[in-house]
Amino acid sequence: MSEQPAPSEAIADLAVIGAGPTGMACAIEAQRAGFTVLLIDKGCLCNSLFHYPSNMTFFTTPELLEIGDIPFPSPNQKPGRDEALEYYRKVAEHYELDVRQYETVERVTGSDGDFSIHTVDRFGRPISHRARKLVIATGYYDLPNYLNIPGEELSKVSHYYNDPHPYYGLDVVVIGGKNSAAIAALDLWRHGARVTLVHRGPELHRHVKYWILPDINNRIKNGEIAGYFSSIVIRITEDDVTLATPDGERILPNQFVFALTGYQPDFKFLEALGVRLDEANDRCPACDPDTLESNVPGIYLAGVVIAGERTNEIFIENGRFHGKQIATDLLARNISAAAFD
Ligand SMILES: Cc1cc2nc3c(=O)[nH]c(=O)nc-3n(C[C@H](O)[C@H](O)[C@H](O)COP(=O)(O)OP(=O)(O)OC[C@H]3O[C@@H](n4cnc5c(N)ncnc54)[C@H](O)[C@@H]3O)c2cc1C
């Protein structure tokens, strides 16, 4: 099958890979600056947010999640996932963003001024688009940090927590010591699961939000949630998990495991584009802090990918400003067709 762009498809000024809040902000700002923009996502609009726990609440207030100068009205001090999904969809509608959903970008060829973006749709069919410039805003939520222990591949193990209801009356282990693990443990316990939290550190991480920490610590203190600290899971089988604890090995009966040990950007994808990673600095990609252009001319980076493995540095609340930086640079350079002829 041909990988050529459809004859009718004109070359866009900019293609943004990743239609999360950051990618949307980049598309909006570039569009407002007068450029034609294509936004491509492997899933739905705001695919990562869609896969967050169904009843999650954001840590930040609505105005810090706003993009494109569109107000985010919410009756809640901290909005939930559904509200955010509604909001970002409305913003996409308002700006009439050209979003290509369910197209996974597999590789990019060409160079500054004429990139070809090769994607596949849900059925594995190849599609190509052309753009003069690229923004990579692919986030970090697609690649979990694996434990690499026996049994991790079992269907009872998940690296994503979604809903508490399937786990009523069951023994569930949650691995991790940050917000996601604490929130999942509490949610599961409140919906009738028998929960054990296992964390390799001596206590929950200092980044756990101040309103979550006393709740989880008190549940553990009261014995309502079993807590194993300075402990790791070393084996998972169909019916149990084995922990290495300071007091020796413990085998616990178990039906489900949530390994909530964080995620990482798709470094292979960045390297395949030619983006250099700084191995001595948490694999941060080479990126001009003023323009956000990477070491590859014409390829910009936006959102969490900029901070490499430090996924707790850039959030929606600060990544949403990357679009303006990139649009400013696009304006400063003449990226019209004539400039490349
Ligand atoms: C449970 C949870 C709660 C959070 N709460 C907050 C909060 O309260 N406030 C806050 O500011 N931040 C919060 N964050 C962090 C925030 O959600 C992320 O920082 C944010 O989503 C990053 O936005 P992004 O657009 O850079 O990436 P993402 O939202 O992850 O978007 C990246 C997009 O790229 C797409 N993609 C990836 N690879 C490809 C490919 N090869 N081809 C095509 N598309 C691709 C993905 O499908 C995805 O839609 C939270 C995160 C989690 C997990």
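Begin with the whole protein: the centres of domain 1 and domain 2, taken over C-alpha atoms, are 32 Å apart. To colour them, pick 12–142 + 263–333 for domain 1 and 146–259 for domain 2; these bounds come from an automatic or database domain assignment. Bear in mind that this is a predicted model, where local features need pLDDT of at least 70, side-chain atom pairs count only at pLDDT 80 or more, and totals for chains, interfaces and linings use all residues. Numbering runs from 1 along each chain as its sequence is written, and side-chain values use heavy atoms, with hydrogens and water left out.

Now look where the domains meet. Eleven residues of domain 1 contact twelve of domain 2 (heavy atoms within 4.5 Å). Together the two domains bury about 920 Å², 50% of it on carbon and sulfur atoms; that is the accessible area (1.4 Å probe) both parts lose on being put together, summed over both.

Of the 32 residues around it, Asp41, Ser48, Tyr52, Phe59 and Thr60 come nearest. The shell holds 16 nonpolar, eleven polar (Gly counts here) and five charged residues.

Zoom in on the polar contacts, N or O pairs within 3.5 Å. An N or O atom in the Thr60 side chain sits 2.8 Å from a ligand nitrogen. At Lys42, a polar backbone atom is 3.0 Å from a nitrogen of the ligand. Finally, show Pro21: one of its backbone N or O atoms is 3.4 Å from a ligand oxygen.

Note on methods
Near = heavy atom within 4 Å. Polar contact = N/O pair within 3.5 Å; in protein donor to acceptor, adjacent residues only side chain to side chain.
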